[in-house]
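Please look at the model first.

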Amino acid sequence: MPPMFLVWHRADLRLGDHPALLKALRQGPLVGLVVLDPNNLRTTPRRRAWFLENVRALREAYRKRGGALWVLEGLPWEKVPEAARALRARGVYALKAYTPYGRHRDERVQEALPVPLHLLPAPHLIPPDLPRAYRVYTPFSRNFQGVDPPLPPPESLPPAPEEGEIPREEAGIPLPPPGEEAALERLRRFLQEGLGPYAARRDRLDGQGGSRLSPYFTLGVLSPRQAAWPALQAGGEGARKWVAELLWRDFSYHLLYHFPWLREKPLDPRLEALPWNEDEELFQAWLLGKTGVPLVDAAMRELWATGFLSNRARMCVAQFAVKYLLLPWRKAEAHFKELLLDGDTPQNLQGWQWAGGLGVDAAPYFRVFNLVEQGKRHDPQGEWLARWAPEYPSYTPLNPVVDLERARRRYLALVQGLLRG
């Protein structure tokens, strides 16, 4: 077997719009590699299953083009050098990582590799590693200069032996169809049917106004550029608003890149001094959807049953946990992420810090959703509520774990005191 190049897939389980893959292919024969990293797989069965099914789909995509994907289980700084030596690789190509763990992992791999590690910029709409650190979305979004067409996948790949098995995992919930072809088909349907009315329908609590592509974005089965390019070609208010939401995803990565301590502290550190409520019974009532607040209970039950939740519902349950119940936000955010199929660390942190008023939202802390009115406005017929919390005849709370108005006033008074202090 001649010397090869290695293409190391991480959060980019696709062949299209993959600069590292195409650059390696221009250098010579290659083999793809996925490392089943225990640091990433120490999660819920649903998330492991979703990841593994998309690795399986990526292997099939390699096979269809005549190539091979290696799948090795272990620590990346051990397994990537091991694969490089076995293949007599002349270099390893990958897309640049922006998260704290991703950057740490790549540094350790680079130190252990006997050959160069070439990290190419990932096709974000705005690079997360801008030299200036933005704390607010709007000025960050002004860096968007349009989008180039996504790169096509290779038509064929050089033959090579395959190595490694992909384990099976029972998800416990229905999974979307895995793989890049399925993602592109869902994108095509959304562009045809959902993009036009997106601006008007995106806040529906049942999530039917969105694209439901987020599980594919999280694993890089679909790149932001593959989505934004055809949307902007279609044009219209729906396209403009949807691409703005894709830019929020890049803003999440930007925040964590420049402020890696966001996993532990609010962006506004003064709010860490809030008197967090450590009541485990109250935490479990929120987590299991047994709060007596119809919107919150319906949302958490849908999340447990499906691994998905609309963006509007996510904001509402996070606000309820942080602003109404004063539950420890790091604990709530972590449990919430593990239930999501699209539980992307930067996105989830940004979402919780925004909804919890912890410094990401450009509006001041006093944005506190009225959870009754949110339900009436974004599920006016009550169909979503009836599906997930049928014991509630309306969005009026029934024996809630907290008096909503009193809790709202308590939160506002506490934050006012901290910010004055």
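## Core and ring contacts

Reader: Which residues does Phe 320 touch, not counting residues up to four places away in sequence?

Author: This is a predicted model. Contact here means heavy atoms within 4.5 Å. Leaving out residues up to four places away in sequence, Phe 320 touches Trp 286, Thr 291, Val 293, Val 296, Leu 325, Leu 371, Val 401, Val 402 and Leu 404.

Reader: Are the rings of Phe 140 and Phe 251 stacked, edge-to-face or tilted?

Author: Their centres are 5.2 Å apart. Planes under 30 degrees apart count as stacked, over 60 as edge-to-face. The planes are at 40 degrees, so the pair is tilted.

Reader: How many residues apart in sequence are the parts that Phe 140 and Phe 251 tie together?

Author: Both Phe 140 and Phe 251 are buried. Phe 140 lies in helix H6 and Phe 251 in helix H11, so the pair ties together parts whose separation in sequence is 111 residues.

Reader: Is Trp 242 buried or exposed?

Author: Buried means under 20% relative accessible area. Trp 242 has 4% relative accessibility, so Trp 242 counts as buried.

Note on methods:
Residues numbered from 1 in each chain as written. Predicted model: local features only at pLDDT ≥ 70, side-chain atom pairs only at ≥ 80, totals over all residues. Heavy atoms only, no water. Phe/Tyr/Trp six-rings, centres within 6.5 Å; stacked < 30°, edge-to-face > 60°. Helix = DSSP H or I, 4+ residues; strand = E, 2+ residues; numbered from the N terminus. Buried < 20%, exposed > 50% of the residue type's maximum accessible area, 1.4 Å probe, protein only.
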